[in-house]
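Please look over the structure below with its sequence at hand. The notes that follow take up surface, packing, backbone and charge pairs in turn.

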Amino acid sequence: MVLAYVATVVVSATLVTLATAWRTPAEALNWTWFLLLAGGAVVHLEAARGIERIREIGAEGSPHAHMQSVWLFAGVLVLPMPLLVALIVISYTHSWFRVYKRRAVLFRKVFSAATVVLGSAAAQLVLAWFPDRAVDVDGPLGLLALVTAGFLYWFINYALVVTAIFVTNRQNPVRTALGNASDVLIVLASVGLGSGFAIILNWRPWLTPMLLLTVLALHMGLLLPQFRVAARTDSKTGLVDATFWHDVAERELQRARRLTSTVGVLIIDLDHFKLINDTYGHLAGDRVLRAVADALKHSVRSYDLVGRFGGEEFAVLLPGVSNSEVRATAERIRFEIASLHIVVLDRLGESQVVAGLTASVGAAVFPDTATELSPLLLAADEALYQAKSNGRDRVATAQVF
């Protein structure tokens with residue numbers, strides 16, 4: 001039933017695309033707008049892909065709102081349907097390779113793109129009823145055109161996605177399928193920004209770089225705090241805390257089961273960290289923890305998740321990696337920590353340099369080591385204990401069954 005529903009939506013989007021292709025030829029100016037919008041969409045997602053990866057995982061089982069609608073709805077207003085579909089395909093293909101690293105379920109992304117195509121087609125159909133393009137209409141009539149088109153663009157996409165989620169997850173409450181009201185506001189805000197972008201693109205195209213900076217600033221300035229609050233960030237390091245890390249890890253294991261993929265787990269413990277606190281004081285120890293947290297984030301990919309488990313212990317979630325890649329990442333982390341030179345203030349307020357830090361790392365991989373999160377973490381923790389027992393400052397890998 002679910003596959004039939006998804007296939008119906010995808011086929012409908014394909015038929016709409018084919019039916020409108022010959023009726024709306026692209027002009028030279030349309031190609032210029034298309035290239036500007038496609039470039040903006042790619043640059044925007046590249047800048048925010050780390051955040052979007054975590055937000056998408058956190059939205060598992062509910063609609064995922066993203067700000068690509070800024071570019072897509074602008075395309076609704078200024079592009080013919082064939083180029084608009086090409087823009088949607090570029091946006092979703094780019095996110096498939098760069099944000100989700102081909103580890104999302106492909107048919108879900110194809111379905112999502114199809115719902116956007118149908119919503120965009122409905123919006124353009126409404127705009128065709130008005131005497132001129134929405135970006136050319138001034139006064140109440142132009143506002144009505146934009147509001148109506150924006151509503152249909154959002155509602156058709158939202159309704160189709162919510163229906164698919166509800167049919168797929170009947171055991172979940174309906175409110176889960178509906179998603180958060182704040183996510184709806186994100187899409188509506190993106191539609192509003194897209195309208196402004198289309199108008200500027202049409203009348204003052206040389207101002208488009210400024211609007212691109214505005215979109216990026218809003219995304220990083222508004223969604224990052226939202227992510228941090230939702231992630232229950234550890235105040236000392238800026239990393240996610242253990243509770244959120246566990247939640248994301250459970251979802252990643254579920255995703256890996258569906259895709260027959262892998263998930264690596266690292267548990268990292270700083271060697272002799274108590275000596276730093278005893279020598280320089282706890283404020284210096286906190287400074288060291290922040291520096292180590294930064295080193296961990298720079299040592300892994302943007303979509304890997306680094307969390308603090310407490311004290312001087314950290315955990316890293318590595319989706320889609322092999323046993324050799326997990327060990328290579330662990331060795332790279334160990335090397336980065338050993339290379340740190342951290343300026344701290346001691347108990348007397350004098351500057352001191354903390355160097356020569358070492359760390360022990362335990363590694364485990366799903367499903368080779370274990371098929372559930374708790375046994376996987378226990379295996380990584382046991383490997384960490386072996387690393388410490390064997391002299392510290394080394395990586396130990398859990399046994400593969």
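## Surface patch

Val11, Leu15 and Leu18 make a nonpolar surface patch of about 300 Å². The model is predicted. Leu15 lies in helix H1, residues 2-21. Its relative accessibility is 53%, so Leu15 counts as exposed, the cut-off being over 50%.

## Helix packing

Helix H10 (residues 242-259) packs with helix H14 (residues 373-389). Their axes are 10 Å apart, at an angle of about 115 degrees. H10 is therefore roughly perpendicular to H14. The crossing of the two helices, H10 and H14, is right-handed.

## Backbone exceptions

Most residues other than glycine have a negative phi, and most peptide bonds are trans.

The peptide bond from Phe366 to Pro367 is cis, with omega near 0 degrees. Pro367 sits in the loop between strand S6 (359-366) and H14.

Thr260 is not a glycine, yet has a positive phi of about 50 degrees. This residue, Thr260, is in the loop between H10 and strand S1 (263-270). With a relative accessible area of 73%, Thr260 is exposed. Asp393, also not a glycine, has a positive phi of about 50 degrees. Asp393 belongs to the loop between H14 and strand S7 (395-397). At a relative accessible area of 31%, Asp393 is partly exposed.

## Salt bridges

Side chains of opposite charge can pair when their charged atoms come close. The whole structure holds eleven salt bridges.

One of them joins Arg308 and Asp234, with the closest N and O atoms 3.2 Å apart. This pair links distant parts of the chain, 74 residues apart. Arg308 is in strand S2 (residues 305-310), and Asp234 is in the loop between helix H9 (208-231) and H10. Both Arg308 and Asp234 are buried.

Lys236 bridges to Asp286, the closest N and O atoms being 3.4 Å apart. Here too distant parts of the chain are linked: Lys236 is in the loop between H9 and H10, and Asp286 is in helix H12 (residues 282-299), 50 residues apart. Lys236 is partly exposed, at 36% relative accessible area. Asp286, at 17% relative accessibility, counts as buried.

Asp304 and Arg301 meet in a salt bridge of 2.7 Å, N to O. Asp304 is buried, at 7% relative accessibility, whereas Arg301 is partly exposed at 27%.

## A charged network

Which residues are linked in a network of salt bridges? They are Arg327, Glu331, Arg334 and Asp393. Asp393 is also the residue with a positive phi in the loop between H14 and S7.

Key
Residues are numbered from 1 along each chain as its sequence is written. This is a predicted model: local features need pLDDT of at least 70, side-chain atom pairs count only at pLDDT 80 or more; totals for chains, interfaces and linings use all residues. Side-chain values use heavy atoms; hydrogens and water are left out. Patches are made of residues with over 30% relative accessible area and no salt bridge: like charges are joined within 9 Å, nonpolar side chains (Val, Leu, Ile, Met, Phe, Trp, Tyr) within 5 Å. Accessible areas come from the Shrake-Rupley method with a 1.4 Å probe; for residues, only the protein chains shown count as cover. A salt bridge is a side-chain nitrogen of Lys or Arg within 4 Å of a carboxyl oxygen of Asp or Glu. Helices (H or I, at least four residues) and strands (E, at least two) are DSSP runs, numbered from the N terminus. Buried means under 20% relative accessible area, exposed over 50%, partly exposed in between (1.4 Å probe, protein chains only). Axes are lines fitted to C-alpha atoms, for helices over the stretch in contact, and angles run from 0 to 180 degrees between N-to-C directions. Angles under 35 degrees count as roughly parallel, over 145 as roughly antiparallel, 65 to 115 as roughly perpendicular and the rest as oblique. A crossing is left-handed if the near helix is turned anticlockwise from the far one by less than a right angle, and right-handed if clockwise.
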